[in-house]
Amino acid sequence: MDIREIIVRRMKMKMKQPFTTSFGTMQDKHFLLIEIKDGSGRSGWGESVAFDAPWYSEETVETNWHMIRDFLIPILLDADLAHPDEVSGLFSPIRKNNMAKAAVEGAVWDLYAKQQGMPLAKALGGTRQQIEVGISIGIQQSVEELTEVVRQHLQEGYKRIKVKIKPGKEIEILSALRQSFPDIALMADANSAYTLADTALLQRLDEFNLMMIEQPLASDDIIDHAILQNDLKTPICLDESIHSLEDARKAVELGSTKIINIKIGRVGGLTEAKKIHDYCMEKGIPVWCGGMLEAGIGRAHNIALTSLPNFILPGDTAASSRYWEKDIIQPEVVMEDGYINVPDVPGIGYEPDIESIDRFMTDKWTFRKEG
Ligand code: OSB
Ligand code: MG
């Protein structure tokens with residue numbers, strides 16, 4: 001693939017509104033951008049989705065920087081790649097650190113698609129021209145406020161509403177929403193806030209006719225989720241627990257999950273995401289694409305992945321304007337009538353907006369292939 005140079009940029013962007021989950025609140029989004037250049041002046045782009053603190057997973061911006069600088073870039077600059085599917089094998093001697101791996105692998109995929117003159121969606125095997133869009137709404141100050149926010153997003157056209165819940169607030173939140181919006185596609189994400197001791201409480205959520213409940217139990221669990229699923233009508237969807245095809249297989253075989261949220265960063269890249277997608281399709285397990293409050297580069301990768309055929313449920317990849325005053329790509333990601341169009345131009349299909357990138361950049365490092 002003729003990789004000559006890799007540029008890592010450290011970014012800081014302020015979100016329009018803070019985002020609150022059962023584990024904390026985020027206002028500033030810190031992340032890394034990876035740009036990989038070939039000998040013909042093309043650039044492929046990737047975005048690391050790790051947060052600045054390790055509360056969703058153990059990775060952070062800082063640990064990603066360490067892994068990328070000291071291990072992943074040296075491996076990549078030393079290799080002679082023909083196809084991006086080889087990257088996960090090259091990186092396999094490095095344990096875990098999936099978000100760091102995915103950021104670099106994503107840039108390789110974009111570069112490869114550009115070299116082939118092919119949209120990234122097509123290079124991955126995508127079949128959709130547009131994707132259905134849902135939205136994830138953080139915990140609000142009051143149920144009245146939450147109801148208003150939901151109403152507004154429904155008016156904008158979002159096709160499915162996901163709300164964050166936490167112990168002691170779930171019944172109040174979900175009964176208020178079902179009263180105002182009896183028929184909408186609604187789901188709840190607990191981000192691991194419950195244990196099996198809460199089974200009776202979680203059974204009460206069955207009455208709200210949710211599409212699914214996302215990651216109710218521990219972030220590293222697939223055993224208790226199987227026990228809980230036996231006692232629930234509401235389908236369980238795993239997020240935090242799934243890091244690989246092997247995790248997905250075990251969770252599906254155990255009956256821990258009926259739906260899987262695929263996040264490219266969490267599973268270590270697009271190649272692994274495709275494998276999980278293919279396995280789930282074969283097993284009749286629907287998947288959807290989760291979000292990590294991405295800026296435009298990561299968002300574009302999510303859109304390409306969501307064009308694959310088994311992404312049959314709306315994901316969390318909302319429009320740029322839901323998060324940012326100004327995004328770092330041109331055009332920005334727009335949602336119309338609940339859909340985002342999958343770009344039909346080579347690579348991720350959105351141009352990095354260098355002026356905007358420079359504005360939010362706090363550091364920059366360049367690495368070159370020797371010889
Ligand atoms: O659990 O899916 C999650 C945001 C931060 C951390 C974890 C999660 C989320 C979201 C937001 O739900 C998804 C998005 O809008 O990008
Ligand atoms: Mg989640």
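Me: What makes Asp189, Ala190 and His225 count as contacts of Gln215 in this predicted model?

Reply: Contact means heavy atoms within 4.5 Å, and, leaving aside neighbours within four places in sequence, Gln215 is in contact with Asp189, Ala190, Asn191, Ser192, His225, Cys237, Leu238, Asp239, Glu240 and Ser241. For Ala190, which lies 25 residues from Gln215 along the chain, the C-alpha atoms of the two residues are separated by 5.9 Å.

Me: Why is Gln215 called buried?

Reply: Buried means under 20% relative accessible area, and Gln215, in the loop between β8 and α8 (223-231), has a relative accessible area of 0%, so the word applies.

Me: How do you know which residues are the protein donors of the magnesium ion (ligand 2)?

Reply: Donors are N, O and S atoms within 2.8 Å of the metal, and the OD atoms of Asp189 and Asp239 and the OE of Glu214 lie 2.1 to 2.3 Å from the magnesium ion (ligand 2).

Me: Why are helices α1 and α3 called oblique to each other?

Reply: The axes of α1 (residues 61-78) and α3 (residues 98-116) cross at roughly 45 degrees and come within 9 Å. Angles under 35 degrees count as roughly parallel and 65 to 115 as roughly perpendicular, and α1 and α3 are therefore oblique. Among the residues that meet are Leu72 and Leu76 in α1 and Val104 and Val108 in α3.

How values were computed:
Residues numbered from 1 in each chain as written. Chains lettered and ligands numbered in written order. Predicted model: local features only at pLDDT ≥ 70, side-chain atom pairs only at ≥ 80, totals over all residues. Heavy atoms only, no water. Axes fitted to C-alpha atoms, helices over the stretch in contact; angles between N-to-C directions. Helix = DSSP H or I, 4+ residues; strand = E, 2+ residues; numbered from the N terminus. Parallel < 35°, antiparallel > 145°, perpendicular 65-115°, else oblique. Donors = N, O, S within 2.8 Å, 3.2 Å for Na, K, Ca; no water. Buried < 20%, exposed > 50% of the residue type's maximum accessible area, 1.4 Å probe, protein only.
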